[in-house]
Amino acid sequence: MDFLEWQKRLSILLSVGGLILLSFTGRLYQKTVIEHGQTVEEAESQYAYRKEVEGQRGEIVVAQDDKSYFPLATNERRYQVLVVPKNIKDRKQTAEKLASLIGMTEQEVYDKINNDKLYIPPLKKRLTREVADRIAQLRLRGVVLLPELVRVYPEQTLAAQVLGFVNGEGKGNYGIEGALDLTLRGASGYQTGEKDSHGRLINVGDEVKAQDGSTVVLSIDREIQHYAEQALADAIKEYQADSGSVVIMNPKTGGIVALANAPTYNPNEFNKVASDQSAVYQNPSLSSVWEPGSIMKPIVMALAVDKGLVEPETQETFAASVKVLNHTIWTAEKKAFGLETMTQVLENSDNVGMVWIANKLGNNGEYDGLKQFGIGTAPDMNLSNVVGGFMPGLKNWNDLTRATISFGQGVSTTPLQMAIAYSALANKGVMMQPYLVEKVIDEKGVLTETQPKELGRVVSETTSEKLGRMLEAVVVNGHGKHAAVPGYRVGGKTGTAQVVKPEGGYYDDRHIGSFAGYFPLTDPQFVMVVKIDNPKATKFAESSAAPTFGRIANWILSYKQILPDKPMQ
């Protein structure tokens, strides 16, 4: 090889070497200057350790007679089944052994694992410890069990719309879960340290402990809630109704004892509710309004009695109808009751008699009094979706407005609102602030506790006593006979309300039956409102809502071992 050929080859070698050196220098510059932060982060990840620690979500509980707490919403350790298809030796056999344990068919499992991937989404989540143990005993190669903490509702559908649910991202939705999400959620923590070249922890650095969420204690009585739900479900079936609600309150404290609704759902399986049925997540006791009909009459009557305009024994003769601004208002049965006392006006649920009462009150008297009872105003409960119904502003009132509102038309309320109003009648005329959350506690003790709060006096104690006797007469002599409980004094009023059409007017073939009352009258401890939506097997509330009220009241009095307040009949 001559000198020129040797010089040519040397130049090529030097050029290639230069390019390699330049490339190396450029890569070094990229890593040390341009990508310095990322490079440091990757290097630190080889020896740095950081672990996020989730705080447990607080429980939702109810108190029991022995002062212990029963969880309606809690957390349980469950398990995910993870599979690494690439590591599975016999996929057919693995699919065969897993399928029945995780509720899938062999073909479904096989189709998911028949590949060489290093990761696929979990085959199944929320498996119980028992099922996880059975899978672990199989010792299947490529199958991994990963523990997870999940939200569970031990009583299944019990108080579902009161509780709400926690979605897949850990956020509370609806009910208490949604309204008090931040209180229940808690806060995450972390731990830092160093690892050796084999990934073993050799030094612990900073640590911030996770903070568990607070526990929320409800005023709900679990046993009464359970019975109310069952009685409501039975009533809907018996009377062929579309839906219904039951609200039970303690009139002395404002504490809500039960909120039952039907239809309902299982918050453990909230994701199985069809999208067009998502309204079932709402609590209609708090958020669904209707024209209450005749259960409004005792409230208006109480206003007239309180102002001294009438007494329970006041008599007047009423026809079958009365004309108001070119509108004819009839009694429900289109018959005249003739000479009646005011007590009999309630016993007979006489619309014409109530128009006469409304005229005595006048627009201002009726409007101001109903506002005092909370009609048209949303109850303050620090919960979402609590609505207040509707009552026209005073400037929009006329003689017809005043007349129809006296018997519960042209005004809308919720079951909760009517329970609050009747609680004021039962509680010697004093209205109490309603509440569902009794206290919030953590590991250190009580954070907040609800104290019974008076909202003000709406009628005098004397008026309260008079209305109690009038409502007792409705149960003994009037349309409320089926709400009676042998041996106890019970007072209340039926309501058979027409259903408003969206375009205005009322349906001819739909109605809502309700009964509102309290017991025992000697010392009222429970107020209850029963609402049955569109029962098709009966026309009037005295045959649907009233007997449902009586059934629940009878059970509560027995369960609470409350002594009879009058001789057994």
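Some ground rules. Residues are numbered from 1 along each chain as its sequence is written, and side-chain values use heavy atoms, with hydrogens and water left out. Because the model is predicted, local features need pLDDT of at least 70 and side-chain atom pairs count only at pLDDT 80 or more, while totals for chains, interfaces and linings use all residues. Helices (H or I, at least four residues) and strands (E, at least two) are DSSP runs, numbered from the N terminus.

Start with the cis peptide bonds. One joins alanine 262 and proline 263, with omega about 5°. Proline 263 sits in the loop between strand S12 (256-262) and helix H10 (284-287). Another runs from phenylalanine 519 to proline 520, and its omega is near -20°. Look for proline 520 in the loop between strand S22 (506-519) and strand S23 (526-533).

Alanine 159 has phi near 55°. Its loop lies between strand S5 (143-152) and helix H6 (160-163). Is alanine 159 buried or exposed? Buried, at 3% relative accessibility. Buried means under 20% relative accessible area, exposed over 50%, partly exposed in between, with a 1.4 Å probe and protein chains only. Leucine 325 also has a positive phi, about 50°. That residue is in the loop between strand S14 (321-324) and strand S15 (327-330). Leucine 325 is partly exposed, at 46%.

Now the pockets. A pocket is an open set of points on a 1 Å grid over the protein atoms alone, where a 1.4 Å probe fits, with protein on both sides within 12 Å along at least five of seven lines; lining residues have an atom within 4 Å of a point. Volume is the space filled by probe spheres set on the points, which are joined across faces, edges and corners.

The largest pocket has a volume of about 1,300 Å³. It is lined by 37 residues, with Arg126, Leu149, Val150, Arg151 and Asn167 nearest its centre. Strand S3 (69-83), strand S4 (124-127) and S5 each give two or more residues to that lining. Which element gives the most? S5, with six residues. By class, the lining has 10 nonpolar, 13 polar and 14 charged residues. Nonpolar covers Ala, Val, Leu, Ile, Met, Phe, Trp, Tyr, Cys and Pro; charged covers Asp, Glu, Lys and Arg; the others, Gly among them, are polar.

The second largest pocket has a volume of about 1,000 Å³. Its lining has 38 residues, and Ala332, Asn351, Gln409, Thr496 and Gln498 are closest to the centre. Strand S21 (491-500) is one of the elements giving two or more residues. S21 gives the most, with six.
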